[in-house]
Amino acid sequence: MLSAVGNSLDAQPNRILLVTVHHMLYPITADVLHQVFSPHGFVEKIVTFQKSAGFQALIQYQSRQSAVTARSTLQGRNIYDGCCQLDIQFSNLDELQVNYNNDRSRDFTNPNLPTEQKGRSSQPGYGDAGGMHSGARAGGFSQMANAAAIAAAFGGGLPPGITGTNERCTVLVANLNPDRIDEDKMFNLFSIYGNIVRIKLLRNKPDHALIQMGDGFQAELAVHFLKGAMLFGKRLEVNYSKHANITQGADTHEYANSNLNRFNRNAAKNYRYCCSPTKMIHLSTLPQDITEEEIVSLLEEHGTIVNSKVFEMNGKKQALVQFETEEQATEALVCKHASPLSGSVVRISFSQLQNI
């Protein structure tokens with residue numbers, strides 16, 4: 001545990017704290033901060049902002065004593081194991097001005113504030129997650145659970161090339177094959193890397209699509225692992241969109257409540273399985289009497305199957321199928337994930353096994 005820093009530079013003890021978060025591997029919202037600081041007294045208001053010093057927040061308690069207790073207890077502590085370290089000083093402000101209740105700011109004494117200024121999005125990814133105060137709160141709590149799942153999946157670290165600091169939730173995919181692609185196929189591919197909120201194929205650019213992921217970390221996984229992947233004869237261009245989220249409309253497909261989103265259950269396991277497309281796919285939730293021949297006939301239209309194997313794990317039938325190329329395996333996953341088979345709904349993901 002680190003000792004207090006910057007004490008001599010502090011303002012006098014005050015009910016408003018200035019908090020800087022160092023080593024911020026996971027996103028921090030007003031709700032995450034409320035969970036951390038509220039055990040020490042009634043938190044009236046929170047405002048967060050990005051400065052050259054990094055991510056900072058102002059936290060206003062009802063009483064000065066609560067702020068003094070919180071500072072002495074939390075100074076130098078980490079919100080999550082090994083990261084998101086708190087550096088806490090007293091602010092010289094008298095009162096915080098909060099105009100919106102969303103992931104960036106919150107007035108706990110006035111739950112009726114709007115979530116955002118008209119025409120401006122709130123924190124990316126949560127603008128449409130249930131509307132007002134309650135929706136923003138839910139976003140924060142799910143984010144804490146998500147950060148815990150990420151830490152569990154990667155043993156406290158992150159995969160090579162993943163920063164964990166991206167906050168942009170919407171991904172722009174270009175160079176699609178417009179004759180072969182649709183929203184559900186995009187969902188099948190991108191849902192490997194996180195929950196999907198909504199998808200929009202662009203009418204004016206038929207080889208482009210926007211995909212809104214559950215949060216910035218999931219969007220970063222998708223961009224990292226799918227950039228340059230081959231699908232339907234095209235090399236995908238996958239980048240962050242300038243749009244914070246996709247506005248719901250007649251030309252958007254909604255997936256926020258889809259039970260096919262993989263990360264609502266076993267999130268840590270699903271994070272661990274994230275990888276770039278491979279030649280090998282793993283099939284689960286199969287009918288108990290499935291045969292290798294039925295698996296092959298389900299998938300062979302998508303490419304040359306080199307090897308396949310049906311096996312049982314924990315009393316449930318699963319299968320591995322190896323294609324000649326990554327592109328063939330990707331096409332099989334995109335086209336056949338979530339398809340019905342003898343009363344079951346087949347789940348498909350990439351396997352990192354080199355051979356069967």
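Q: How many bridges join S1 to strand S5 (residues 83-90)?
A: The strands S1 and S5 run antiparallel; strands are DSSP runs of E with at least two residues, helices runs of H or I with at least four, numbered from the N terminus. This is a predicted model, in which local features need pLDDT of at least 70 and side-chain atom pairs count only at 80 or more, while totals for chains, interfaces and linings use all residues. Residues are numbered from 1 along each chain as its sequence is written, and side-chain values use heavy atoms, without hydrogens and water. Valine 21 stands opposite leucine 86 in S5, and the bridges joining S1 to S5 number six.

Q: Which residue of S3 is the bridge partner of leucine 17?
A: S1 pairs (at least two DSSP bridges) with strand S3 (residues 54-61) in the antiparallel sense, over six bridges. In S3, leucine 17 has as its bridge partner isoleucine 59.

Q: Why is strand S1 (residues 16-22) largely enclosed by the rest of the structure?
A: Buried means under 20% relative accessible area, exposed over 50%, and partly exposed in between, with a 1.4 Å probe and protein chains only. S1 is largely enclosed because, of its seven residues, the number buried is five.

Q: How many of the eight residues of helix H1 (residues 30-37) are buried?
A: Among the buried residues of H1 are Ala30, Leu33 and Phe37. Helix H1 is mostly covered, and its count of buried residues is seven.

Q: What is the relative accessible area of histidine 302?
A: Histidine 302 sits in the loop between helix H7 (292-299) and S15. Leaving out residues up to four places away in sequence, histidine 302 touches (heavy atoms within 4.5 Å) Phe323, Gln328, Glu331, Ala332, Cys335 and Lys336. Histidine 302 is buried, its relative accessible area being 7%.

Q: How far apart in space are histidine 302 and glutamate 327, C-alpha to C-alpha?
A: In sequence, histidine 302 and glutamate 327 are 25 residues apart. Their C-alpha to C-alpha separation is 9.2 Å.

Q: Which domains does the largest pocket lie between?
A: A pocket is an open set of points on a 1 Å grid over the protein atoms alone where a 1.4 Å probe fits, with protein on both sides within 12 Å along at least five of seven lines; lining residues have an atom within 4 Å of a point. The largest pocket holds about 800 Å³ of space, and its 26 lining residues include Lys269, Tyr273, His282, Ser284 and Gln318, which lie nearest its centre. Helix H6 (267-272) and strand S14 (280-284) are among the elements that each supply at least two lining residues. Both domains give residues to the lining, so the pocket lies between domain 2 (147-271) and domain 3 (280-350).

Methods:
Points joined across faces, edges and corners; volume = space filled by probe spheres on them. Domains from an automatic or database assignment.
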